[in-house]
Amino acid sequence: MTLQIRQSELNAVGFSGYFPALGYCERKQVAAMTHNRVGRKSDAFLLEINNVNAVRGITYVADTTPLRTVR
């Protein structure tokens, strides 16, 4: 199974990085945290268990612009 993560969901939890630039382990952690926070608990559970057959990949959907960090 391949799960989708949307930029609007990343923005909702305050993620300000560039998701596709992360390594697989980091993408998995960020996606699990994001899915938990936005209410996609079953998707988060699949990411949290350590079974390679549960999730084959995470597809990034750029449905809005990323948050910009303000310095």
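## Fold and overall shape

From the N terminus, the elements of the chain follow the order β-α-α-α-β. That makes 3 helices and 2 strands. The model is predicted.

The radius of gyration of the chain is 12 Å, which agrees with the value near 11 Å that a compact globule of 71 residues would have. The C-alpha trace spans about 40 × 25 × 20 Å along its principal axes. Among contacts between residues at least 6 apart in sequence, 68% join residues at least 24 apart.

## Surface and charge

Of the 71 residues, 32% count as buried. The accessible surface of the chain amounts to about 4600 Å², and carbon and sulfur atoms account for 52% of that area.

The chain carries 9 positive and 5 negative side chains. The centres of these two sets lie 3 Å apart.

## Aromatic pairs

A pair of aromatic rings is described by the distance of the centres and the angle of the planes. In the whole structure, the search finds 2 aromatic pairs. One of them joins Tyr-18 and Tyr-60, with 6.5 Å from centre to centre and 70° between the planes, an edge-to-face arrangement. Tyr-18 sits in the loop between α1 (7–12) and α2 (24–38), whereas Tyr-60 belongs to strand β2 (residues 57–61).

## The cluster and its exposure

Tyr-18, Phe-19 and Tyr-60 form one aromatic cluster.

Phe-19 has 1% relative accessibility and so counts as buried, the cut-off being under 20%. Tyr-60 is partly exposed, at a relative accessible area of 23%. Tyr-18 has a relative accessible area of 53% and is exposed, because the limit for that class is over 50%.

Definitions and conventions. Residues numbered from 1 in each chain as written. Predicted model: local features only at pLDDT ≥ 70, side-chain atom pairs only at ≥ 80, totals over all residues. Heavy atoms only, no water. Helix = DSSP H or I, 4+ residues; strand = E, 2+ residues; numbered from the N terminus. Rg over C-alpha atoms; globule rule 2.2 N^0.38 Å. Buried < 20%, exposed > 50% of the residue type's maximum accessible area, 1.4 Å probe, protein only. Contact = heavy atoms within 4.5 Å. Areas by Shrake-Rupley, 256 points an atom, 1.4 Å probe, with all protein chains shown as cover. Lys, Arg positive; Asp, Glu negative; His and termini not counted. Charge placed at Lys NZ, Arg CZ, Asp CG, Glu CD. Phe/Tyr/Trp six-rings, centres within 6.5 Å; stacked < 30°, edge-to-face > 60°.
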